[in-house]
Amino acid sequence: MFIITQKFSRIAWIKLVLFDNSIGGLNGVIAMIGRCNFTIFVAAILLMLWGPHVVDAIEPDQAVQDEQYAFFEAKIRPVLVKTCFQCHGGEQTNNGLRVDSREALLEGGIYGPAIVPNEPDASLMIEAIRHNETAYVSMPPDEKLPDHVVRDFEAWVRTGAIWPPETDWQTNDTVKADEHWAFLPVKAVEPPTDFSNWSDHPIDRFISVQRVERGLNPNPPAEKGTLMRRVYFDLVGLPPTPEEVSAFLTDTSPHALERLVERLLASPRYGERWGRHWMDVVRYADTAGDNADYPIPEAHLYRDYIIDSFNADKPYDQFVQEQLAGDFLANNAPPQQYAENIIATGFIALSRRFGTGPLQLKHLIIEDSIDTTGRAFLGLTMRCARCHDHKFEPITMQDYYAMYGIFDSTTYPYPGSESFQTDRNPRTNFVPLQPPEQVQPQIDAYQAELSQRRKEIEQLEHEGELAEKRNSIKQQIESLREQIKTLKSDGGDTKDLELQLPELSTQQNELRDKINHQKGDLKRKLPRSDLPADMPQAYAVKDGEAKDAPLHRRGDPAQSGPAIRRDVPKFLNNGKTLEIPEGQSGRLQLAQWLTNPANPLTARVMVNRIWQYHFGKGIVSTPSNFGRNGAQPTHPLLIDYLATRFIESGWSVKAMHRLILSSKTYQLASSGNVQNAVVDPSNDYYWRFDRRRLDAEALRDAVMNISGLLDLNRPGAHPFPPIEKWFWSQHVPFPYDNVTGRFVPTPYPSNHRTVYLMTQRLQYHPFLGLFDGPDTNTTTGVRTSSTVPQQSLYLMNNPWAYAQAQEFSKRLIAFSQDPVERINRAHLLAYGRDATTEEMQLAEAYIKRVVENLQTNEFTPEQWEMEAWNSYAQVLLRSNELLYID
């Protein structure tokens, strides 16, 4: 069944029809008519024609709505408040326009409606802030808004100009903490009695009770091979090999699944799969996000730390503490763990950068730190409280700026930006991977050498042959001017003297230029970092000057209010104040508070994420929003049971896998049931396993694994250019190549797993962007899942996809001379099962037909075989059975 949401437009429905097929293209549409309800197909066609009028009336799903609200609060409201409200809000309505509600913008002023939802080019507000020559008026009148702000408003209007309800910024109508389930203590609950006797597994008892209440009947268990493929992709993100399939299917022991799970949890591939999930949450990227999107060669250390932590089943409370306060923990950790703890704070260091200079717009960097911390660990949207008390949660501006002070007392590294090139600002505040007592002498010597070299450069202005000549000429010019002045006062002739001045001035300017050139040459030879290049270092944070931050009125750092004591949100700490030692930022105390078992959110949020990645949706379907505006849990007692078990297990993520995967609920078949679908169409009560499409990483890895091209080694650092050759600016951002003079759409192609691909902030990787990879600019709780024709076309025609099919066909040809054995091997590699008799017959007929067609062209018999099997491989690699998990 197709789920229609506001995310789908007319073209999206066309894309959906084209992609939902086994082979792609027109054949898929024909097949769709044959196998789907014809009414649904007609509805799809109608939506293609009348999409906006029909789709706009349908509510978006909760996760998308949550992201839209967050975008408004982070990107739109602060600009309206700071820039527009003083003339178009409150008592002011210049030109009859108000900007304090969506309705006011739709009504507009004397020139007509200010916005047309979904149509930025038809919206007068967008025309005005673009400062177009054809606009009735340009706003703001004095100075155009920055380009990125204009783009934010365009994106906001393009997605419907969503405005959260009940958000009059003149009021503060927050909710009390004791009125919302997620803010209450985790309950110690026992699994209920399941009188249906369906299962004695604790998870199944919670699920079954609610299912029985609704008259739902569970599906039978999934077939053994189907379940195996499901577990493989869930735990390691790769398909099983034919040999692994055979071993599992022939294992008749009741512990076969348990042994399979243990083997996969022990595989290094597990950390790569589940580390990628966490990288979504912490908005991992290999670039900074500033106007030039400077690369961060050291970022991969944090990526590898995440992967290794999941492989080691590091207790989640320790994992959280290291990422927020690893620099504190390093001081008391064993020597071999010092570097690991420092690297962990890459979580904070990776906060997005803005502008062109070192730590420009720091309040936005800190906002990203606060927002990611809130969403990742607490499931709370906190950035809304930057400009006003939160409209949905009991989070005040005082709470926001109490957290702000903690991060404002933290030293962030500067990775480079446009001023790295234009002003020669070096990279600063990276953190050595050895204790200070071991590296400080080397740093001091390096800094002393740098200081001496800078001093010598500045001395060129006053010392040396060129400076002496320039000073001599300067004295000559001053002497001539005195003589001219004296002669003029005595009525003498100054013509000959005045003729000498231009030549002397020219000589002085030439010498000045030579000195500046000499200084520039020497500056360019200076190291581009404040640490020695050979010193192991991380993109990490450390404590800075401990200080309380002032409240920013309306979110504007230029309008400082009273200083707010560093703290955590009081409503989650029973009104108590965090005890922060003198001289410390408070990050360690924040981390300890987050991981206190009494915290009502931390364990709940994490077990919900684990459940989400196994079932395709969380018990709370908005995994990064457990607040009042988030979704209600479908099974509130179950999430508390899981949170309790999680803490009791020592915060073990792998223990949660074992518990969930051993349940009958997880092992259900994904087939449909008409009666159940009427009562529970979205399968909220788990009467079946939800079929879902592979995410971008699993799809790419699976295809490369099937073709035989996947390299399972860890690649290490990305091959960024040497730091001395960095030159990027906002006009030629990374990855512009100054050798070829062009942008590189896919820098550093690789056959390694997708988790190791270099990912940017200002430019999507083509494959990840097309197949719904995460947004690297912000924490991603739930990925979007689009269905567009470009996806089918990519798998049909892209050189990468064609190369995978070629290697797959070579692998089949090398396996056997018998076409039947090749076809069966192809199915085992691609689908994890044997080919059926019908599939064998269809494949043999297809290959024979391709060969016959090729015989009419100028191909050799060897080419006939290769091209035929290559064509067959392409069909399998873009089939639904490969793309989806049952």
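The model is predicted.

Start with the helix packing. Two packed helices are described by the angle between their axes and the distance between the axes. Take helix α9, residues 224-235, and helix α10, residues 242-249. Their axes come within 10 Å and cross at roughly 125°. Angles over 145 degrees would count as roughly antiparallel, and 65 to 115 as roughly perpendicular. α9 and α10 are therefore oblique to each other. The crossing of α9 past α10 is right-handed. On the α9 side, the contact is made by Lys-224, Gly-225, Met-228 and Tyr-232. On the α10 side, Glu-244, Val-245, Phe-248 and Leu-249 take part. By class, the residues of this α9 and α10 contact are 5 nonpolar, 1 polar and 2 charged.

Now turn to helix α12, residues 268-281, and helix α24, residues 602-615. Their axes lie 12 Å apart, and the packing angle is about 120°. That angle makes α12 oblique to α24. Here too the handedness is defined: α12 passes α24 in a right-handed crossing. From α12 come Trp-274, His-277, Trp-278 and Val-281. They meet Met-606, Arg-609, Ile-610, Tyr-613 and His-614 of α24. This contact of α12 with α24 divides into 6 nonpolar, 2 polar and 1 charged residues.

Next, the interior. In soluble globular proteins, nonpolar side chains tend to be buried together. The largest nonpolar core of this model holds 173 residues. Within that core, Val-231, Trp-278, Tyr-302 and Trp-611 touch the most other members. Trp-278 also belongs to the α12 side of the contact with α24. Which residues does Trp-611 contact, leaving aside its neighbours within four places in sequence? They are Ile-203, Ile-207, Gly-616, Lys-617, Gly-618, Ile-619, Leu-638, Leu-642, Ile-660 and Tyr-686.

The backbone has its own points of interest. Most residues other than glycine have a negative phi, and most peptide bonds are trans. Pro-140 sits in the loop between α6 (124-129) and α7 (147-158). The bond from Phe-734 to Pro-735 is cis as well, with omega near 15°. Pro-735 falls in the loop between α28 (696-707) and β8 (736-737).

Positive phi values come next. Asp-313 is not a glycine, yet its phi is positive, about 50°. It is placed in the loop between α13 (299-311) and α14 (316-330). Asp-772, likewise a residue other than glycine, has a positive phi near 65°. Asp-772 lies in the loop between α29 (766-770) and α30 (789-797). Is Asp-772 buried or exposed? Asp-772 is buried, because its relative accessible area is 9%, and buried means under 20%.

End at Glu-107, in helix α5, residues 102-107. Glu-107 has a relative accessible area of 64%, so this residue is exposed. Beyond its neighbours within four places in sequence, Glu-107 is in contact with Gly-112 and Pro-113. Gln-452 stands 345 residues from Glu-107 along the chain. The C-alpha atoms of Glu-107 and Gln-452 are separated by 65 Å.

Notes
Residues numbered from 1 in each chain as written. Predicted model: local features only at pLDDT ≥ 70, side-chain atom pairs only at ≥ 80, totals over all residues. Heavy atoms only, no water. Axes fitted to C-alpha atoms, helices over the stretch in contact; angles between N-to-C directions. Helix = DSSP H or I, 4+ residues; strand = E, 2+ residues; numbered from the N terminus. Parallel < 35°, antiparallel > 145°, perpendicular 65-115°, else oblique. Left-handed = near helix turned anticlockwise from the far one by under 90°. Contact = heavy atoms within 4.5 Å. Nonpolar A, V, L, I, M, F, W, Y, C, P; charged D, E, K, R; others polar. Core = buried A, V, L, I, M, F, W, Y, C linked by side-chain atoms within 4.5 Å. Buried < 20%, exposed > 50% of the residue type's maximum accessible area, 1.4 Å probe, protein only.
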